[in-house]
Amino acid sequence: MPEHSRPKGLVIYGIALLILIGSGTLFIWRSLTGHPLFWEENIGGGNDEDLAYLEQVEQENSEGFMREDDDTYRLEADILVAESLSIWERIKTHEVQKGESLWTIAKDYNIDVDTIIGANELKSHDKIDIGQKLTILPFKGLTHRVEKGESLWSISKRYNVPVEEIIETNSLATQNIKIGEMLVVPGAILTEADKERRLLLARGGLPLFIRPASGRISSRFGMRWGKMHQGVDLAMPVGTPIRAASAGKVIKAGTAGDYGQLVVIKHPEGFETRYAHNSKINVKIGQYIKQGDIIAYSGNTGRSTGPHLHFEIRVNGKPQDPLKWIN
Ligand SMILES: [Zn+2]
């Protein structure tokens, strides 16, 4: 037995010694490296350095990459939402607050003043009222109410914006547009005449003009041989009836230099129409006439190279392109 118990005892001592050395080594390794032991990991432990590291990562995630990713995601989501919304759902309404001007509002929405003018029927550009509601387009452009005789092509040409862009922006299912229908014209720029016209429309005092006589357009409004042509020329045989483009009062009826036999009619809101080179005048100064009344007969008087009517529309003395005003 003793022969047997001695080696048995040695084995027990040996195992005990190994356990001591092993746990000692683990203890020392644990305190030197700071690495958690397997049972510690199982209960979710760690040391201060690990915790500090984890906190740092979390902070970076919330401030750094993660937030950037969130923003990118949000931006993409916004674009997706925007694309699925119709243009009318994307248009905002702004209620004018104290101290605001068209300029500050445009700046706040990152558009230009002309975009606000082009999307609203403003009676004034300088004076806007507190509480006044403004239509804010999501991009530069304007709104256009379809008028009689207009097509997508004429509107496209008028504002120099491709037809496809108008169709896409307004999600039009058909190329047929209805009178009175409101269209958003993206990227369109208002001319000074357009702005003037819109102001007058909003004030309700806009005279509507008709073509004073039929005839081929032989010369348009604008620069011609380095000189400004202040009206439109309509070629027609001598003696063609010339009609008042709009109702008003005759303020000139007689010979006037280059104009030859001239009739000038004064209309509301600073408008004036001029009819030149006539062969015969049919009205007197001071006479009130209706739209369509025969005021003269065409001719070739004054500085003229052939029988035609030279027709002008002026606003406060400033010549306009008549073709833009004729309905
Ligand atoms: Zn002319």
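This is a walk through the structure, one selection at a time.

**Before starting**

The model is predicted: local features are given where pLDDT is at least 70, side-chain atom pairs count only at pLDDT 80 or more, and totals for chains, interfaces and linings use all residues. Residues are numbered from 1 along each chain as its sequence is written.

**The whole protein**

Show everything as a cartoon. The secondary structure comes to 10 helices and 17 strands; helices (H or I, at least four residues) and strands (E, at least two) are DSSP runs, numbered from the N terminus. Of the 327 residues, 21% count as buried. Here a residue is buried if 20 or more other C-beta atoms lie within 10 Å of its own, exposed if 12 or fewer, and partly exposed in between, with C-beta atoms placed from the backbone. Among contacts between residues at least 6 apart in sequence, 64% join residues at least 24 apart. Two residues are in contact if their C-beta atoms, placed from the backbone, lie within 7 Å.

**The largest nonpolar core**

Select Ile242, Leu262, Val263, Tyr275, Ile295, Ala296 and Leu309. Of the 25 residues in the largest nonpolar core, these touch the most other members. A nonpolar core is a set of buried Ala, Val, Leu, Ile, Met, Phe, Trp, Tyr and Cys residues joined through C-beta atoms within 7 Å. Next, colour the strands β8 (232-235), β10 (248-255), β11 (261-266), β12 (271-278), β15 (294-297) and β16 (308-315), each of which supplies at least two residues of this core. The strand that gives the most is β11, with four residues.

Now centre on Ile295. Leaving out residues up to four places away in sequence, Ile295 touches Ile242, Arg243, Ala244, Val263, Tyr275, Asn282, Val283 and Ile289. There is also a second, separate core of 15 residues, and its members include Leu122, Leu142, Val185 and Ala188.

**Strand β12**

Select 271-278. On one pairing, β12 meets β11 in the antiparallel sense over five bridges; two strands pair if DSSP finds at least two bridges between them. Val264 has Arg274 in β12 as its bridge partner. These two strands, β11 and β12, form a hairpin with four residues between them, and Glu269 in the turn has a positive phi of about 60 degrees.

Another partner of β12 is β16: six bridges join them, and they run antiparallel. Along this pairing, Tyr275 stands opposite Phe311 in β16, and the bridge partner of Glu272 is Arg314.

**Strand β16**

Is β16 largely enclosed or open? Six of its eight residues are buried, so β16 is largely enclosed by the rest of the structure. With β8, β16 pairs in the antiparallel sense over four bridges, and Asp233 stands opposite His310.

Follow the chain on to β17 (residues 318-320), which runs antiparallel to β16 and is joined to it by three bridges. Val315 stands opposite Lys318 in β17. The two strands form a hairpin with two residues between them, and Asn316 in the turn has a positive phi of about 50 degrees.

**A three-strand sheet**

Hide the rest and show β9, β15 and β13. In that order they form an open sheet with antiparallel pairing. Its edge strands are β9 (241-243) and β13 (280-281), each pairing on one side only. Three bridges join β9 to β15, and Ile242 stands opposite Ala296 in β15.

Most residues other than glycine have a negative phi. Select Asn110, in the loop between α6 (102-108) and α7 (113-119). Asn110 is not a glycine, yet has a positive phi of about 60 degrees. With 10 other C-beta atoms within 10 Å, Asn110 is exposed.

Then select Trp225, in the loop between β6 (222-224) and β7 (227-229). Trp225 has a positive phi of about 50 degrees although it is not a glycine. This residue is exposed, with 5 other C-beta atoms within 10 Å.

End at Asn160, in the loop between α8 (152-159) and α9 (163-169). Asn160 counts as exposed because it has 10 C-beta neighbours inside 10 Å. From Asn160 to Val185 the distance is 9.7 Å, C-alpha to C-alpha, across 25 residues in sequence.
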